[in-house]
Amino acid sequence: MITKTNLVTKNFAGGKWQELQGTGKIVYNPSNINEKVGDMYFSTPEQVLHAVSEAQVGFNTWRKQTGIERANYLYKMADELEKAKEEIANLASREMGKPISEMLGEVIRGVNLLHYYAAEGVRSNGQLVPASDQHVLQYSKRVPLGVVAIITPWNFPVAIPIWKIAPALICGNSVVWKPAENSAFTATRLMEIFQKADLPKGVLNLVIGEGRVIGNTLLEEGEINAVSFTGSTLTGTHIASLSAKRNIKFQTEMGKKNAAVILKDADLEKTIPMILSGAFRSAGQKCTATSRIIVEKEIYPDFIIALREAMSTIIVKDALDTNSYIGPVASNSQYETISEYVDLARKEAEVIAEGKLETINEGYYIRPIVVSGVGPQHKLFKEEIFGPIAVVLQAEDFYEAVELCNQSEFGLSASIFTNNMEKALLFLETAEVGMVRVNQETAGVEYQAPFGGMKWSSSHTREQGQSALDFYSQVKTCAIKYSF
Ligand code: NAD
């Protein structure tokens, strides 16, 4: 178990830890802002560039290892993470406020991801291609990219880094990982856990700091060969343009405004708990969280009655309470941004249902709300809030519901709740999103399935599953004339 002793962030490069000093900030527990979590210090630009050069050294040994050898390291990383699952879940909960039960599930997902990608070490990584000439053996194979920069957000402090690091490593790349500031203690501890697997020096490196300072150093000056980023659309498009200028491979997973459509034949008793879970677990800070609920007009009054009843059981609590369904939001800056949208909702919309708050602590707590009375042009319907606010809109029929669902610049995930097979299949076909579900919440896509969005939600690549292997490798076509 993690103790409440003071933590510090550290830099890890070339198999060595470096204590950090100087610039930094004190971090407090978002569930109780009177409890200090630790002192966060940042890596310097020089330390970032040093980590990149160590990663180049690491790449030269790692690329020569067989898939089976690399897989053994990933299995060891999985074992070490499994042993430390409660400790790391507890730390992450204290650092960014995700309820402990959900955080534990996220760590277990991390273990599963490591197993999944370790297994890729023994799978075929190429194709035999017929040749037009006789006595020619022609084949294509995946080869690594080199040094990959991995830039992650705070909302999935364990799973997102692992769903990037594990495929990057199994494909033979070395990694420089820059986590978000709001999950830097979790990242430091995760790296300590992974090092117990004795990865060769320089294969996995960690730098800590603010994106606009060290993130820019990494991307503008570091000799990296690719970057995988998850975060806001603003940062993602900046990273995409820097990468395009340098002609390095890039992948950006960005903002969203996910919709759940409820048709008149949906079973409301089963649907509403899924809607609330999609909208409010992790305080609405999941990338796949539901933030727009589109309800077919005919059942709107019944939906509102059932929603109000269900919302009265949604209680916001300390993230470390094992019964916590929703904890606080992750940080002061999240609290301030979301609070502005709550004020806007109270002024310009109608709050139709509210959750409860049950804690004696002072923290970044926001009561979840469902609002109505705004049109599709309103900020609450259009802008990414990334907090516990969901907007409800009525639709005349299925076709208008699809139109409203697609009326967004983002396209990450969407759901439909119905028993009508024809409409379910039409929705799967017409929803302009990367991940679409029937009778399931918008959140919760499994680790073995491709993950990513359309439109402004991503750079149109995919993470997780087999798709990740496409990003972290490039294809080499080989031909051998073995007899004349
Ligand atoms: P953010 O864009 O501010 O930061 C994400 C990461 O990028 C952090 O590590 C940050 O330090 C770094 N960064 C910031 N500026 C940078 C720069 N100039 N150069 C390099 N790195 C830089 O996002 P956030 O607030 O941490 O996360 C919330 C956002 O992430 C939301 O918009 C959410 O929708 C999105 N998100 C998307 C997905 C997805 O899969 N689509 C998943 C999780 C989060």
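Predicted model: local features only at pLDDT ≥ 70, side-chain atom pairs only at ≥ 80, totals over all residues.

Student: Which residue does Arg-142 pair with?

Tutor: Its partner is Asp-470, and the two side chains meet in a salt bridge at 3.1 Å, N to O. Arg-142 lies in strand S7 (residues 136-144) and Asp-470 in helix H15 (residues 467-471), so this pair ties together parts that are 328 residues apart in sequence. Arg-142 is partly exposed, with a relative accessible area of 25%, and Asp-470 also counts as partly exposed, at 46% relative accessibility.

Student: And what about Glu-432, which residue does its side chain meet?

Tutor: The side chain of Glu-432 forms a salt bridge with that of Lys-455, at 2.9 Å from N to O. This pair links distant parts of the chain, 23 residues apart, with Glu-432 in the loop between helix H14 (421-430) and strand S22 (435-438) and Lys-455 in strand S23 (residues 454-455). Glu-432 is partly exposed, with a relative accessible area of 34%, and Lys-455 counts as partly exposed at 26%.

Student: Then let's do H3. How many of its residues are buried?

Tutor: Of the 12 residues of H3, 10 are buried, so this helix is largely enclosed by the rest of the structure.

Student: What span should H3 have, and how far apart are its ends?

Tutor: At 1.5 Å a residue, the 12 residues of H3 (residues 85-96) should span 16 Å, and the C-alpha atoms at its ends are 16 Å apart, which agrees with that expectation.

Student: Changing topic to the surface: which residues gather in the patch of positive charge?

Tutor: That patch is made of Arg-63, Lys-64, Lys-141 and Lys-476. Lys-64 sits in the loop between helix H1 (45-62) and helix H2 (67-83), and it is exposed, with a relative accessible area of 66%.

Student: Which residues form the nonpolar patch?

Tutor: Leu-128, Leu-137, Ile-480 and Tyr-482 form a nonpolar surface patch, and together they have about 430 Å² of accessible area. Leu-137 is placed in strand S7, the strand that also holds Arg-142, and Leu-137 is partly exposed, with a relative accessible area of 35%.

Student: What about backbone angles, what is phi of His-135?

Tutor: Phi of His-135 is near 55°, a positive value in a residue other than glycine. Most residues other than glycine have a negative phi. His-135 lies in the loop between S6 and S7 and is partly exposed, with a relative accessible area of 35%.

Student: And where is Ala-283?

Tutor: Ala-283 lies in the loop between helix H9 (268-280) and strand S14 (290-296), and its phi is likewise positive, near 55°. Ala-283 is buried, with a relative accessible area of 1%.

Student: Last one: where does Val-122 sit, and how far is Val-122 from Thr-66?

Tutor: Val-122 is in the loop between helix H4 (100-119) and strand S6 (126-128), where it is exposed, with a relative accessible area of 59%. Val-122 and Thr-66 are 56 residues apart in sequence and 9.1 Å apart in space, taken from C-alpha to C-alpha.

Terms used: Residues numbered from 1 in each chain as written. Heavy atoms only, no water. Patch = residues over 30% accessible without salt bridge, like charges linked within 9 Å, V, L, I, M, F, W, Y side chains within 5 Å. Areas by Shrake-Rupley, 256 points an atom, 1.4 Å probe, with all protein chains shown as cover. Salt bridge = Lys/Arg side-chain N within 4 Å of Asp/Glu carboxyl O. Lys, Arg positive; Asp, Glu negative; His and termini not counted. Charge placed at Lys NZ, Arg CZ, Asp CG, Glu CD. Helix = DSSP H or I, 4+ residues; strand = E, 2+ residues; numbered from the N terminus. Buried < 20%, exposed > 50% of the residue type's maximum accessible area, 1.4 Å probe, protein only. Expected span 1.5 Å × (residues − 1).
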